[in-house]
Amino acid sequence: MVVKYVNDQLERYSELRPIFFVLKALTCHYKLNDHKCGGIRTYTLFIMLLSCVLKWNTCDLGKLLIDFLFYFSFYYELY
């Protein structure tokens, strides 16, 4: 069910796939992908990115990546 949802969203929003792999590579490079040590899981990263794509509705990949990083670095409230 989750796999079908993810695949449907990847087909609907073509800009998700390249940015997702860039973010996934960044989390692996900085060792932020181990959820047992406070890292982020793959599905969580996908849902965060999807929420940004739906919120900003832009096809400019560079702007979307920068906005994603800026939003979740400074504006997102954890509480």
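# Helices, loops and a pocket

Q: Does leucine 23 count as buried or exposed?
A: At 3% relative accessibility, leucine 23 falls into a class set by a cut-off: buried means under 20% relative accessible area, exposed over 50% and partly exposed in between, with a 1.4 Å probe and protein chains only. The model is a predicted one, in which local features need pLDDT of at least 70, side-chain atom pairs count only at pLDDT 80 or more, and totals for chains, interfaces and linings use all residues. Residues are numbered from 1 along each chain as its sequence is written, and side-chain values use heavy atoms, leaving out hydrogens and water. With its 3%, leucine 23 therefore counts as buried.

Q: Which helix holds leucine 23?
A: Helices here are DSSP runs of H or I with at least four residues (strands are runs of E with at least two), numbered from the N terminus. Leucine 23 sits in one such run, helix α2.

Q: How many Å separate the C-alpha atoms of leucine 23 and phenylalanine 46?
A: Along the chain, leucine 23 and phenylalanine 46 are 23 residues apart.

Q: How many salt bridges does a search of the whole structure find?
A: A salt bridge is a side-chain nitrogen of Lys or Arg within 4 Å of a carboxyl oxygen of Asp or Glu. One of them joins lysine 4 and aspartate 8, and another joins aspartate 67 and lysine 63. The number found in the whole structure is two.

Q: What is the N to O distance in the salt bridge of lysine 4 and aspartate 8?
A: Both partners lie in helix α1 (residues 2–12), four residues apart, or about one turn of the helix. Lysine 4 is exposed at 56% relative accessibility, whereas aspartate 8 is partly exposed at 30%. Their side chains meet with an N to O distance of 3.1 Å.

Q: What phi does lysine 31 have?
A: Most residues other than glycine have a negative phi. Lysine 31 lies in the loop between α2 (16–29) and α3 (42–56) and is exposed, with a relative accessible area of 69%. Though not a glycine, lysine 31 has a positive phi of about 55°.

Q: What phi does asparagine 57 have?
A: Look in the loop between α3 and α4 (61–75) to find asparagine 57. There, asparagine 57 is exposed, at a relative accessible area of 67%. Its phi is positive although it is not a glycine, with a value of about 50°.

Q: What is the volume of the largest pocket?
A: On a 1 Å grid over the protein atoms alone, a pocket is an open set of points where a 1.4 Å probe fits, with protein on both sides within 12 Å along at least five of seven lines; lining residues have an atom within 4 Å of a point. Its volume is the space filled by probe spheres set on the points, which are joined across faces, edges and corners. For the largest pocket this comes to about 290 Å³.

Q: Which helix gives the most to the lining of the largest pocket?
A: Of the 14 lining residues, the closest to the centre are Thr27, Leu32, Ile40, Leu45 and Phe68. At least two lining residues come from each of α2, α3 and α4. With four residues, the helix that gives the most is α4.
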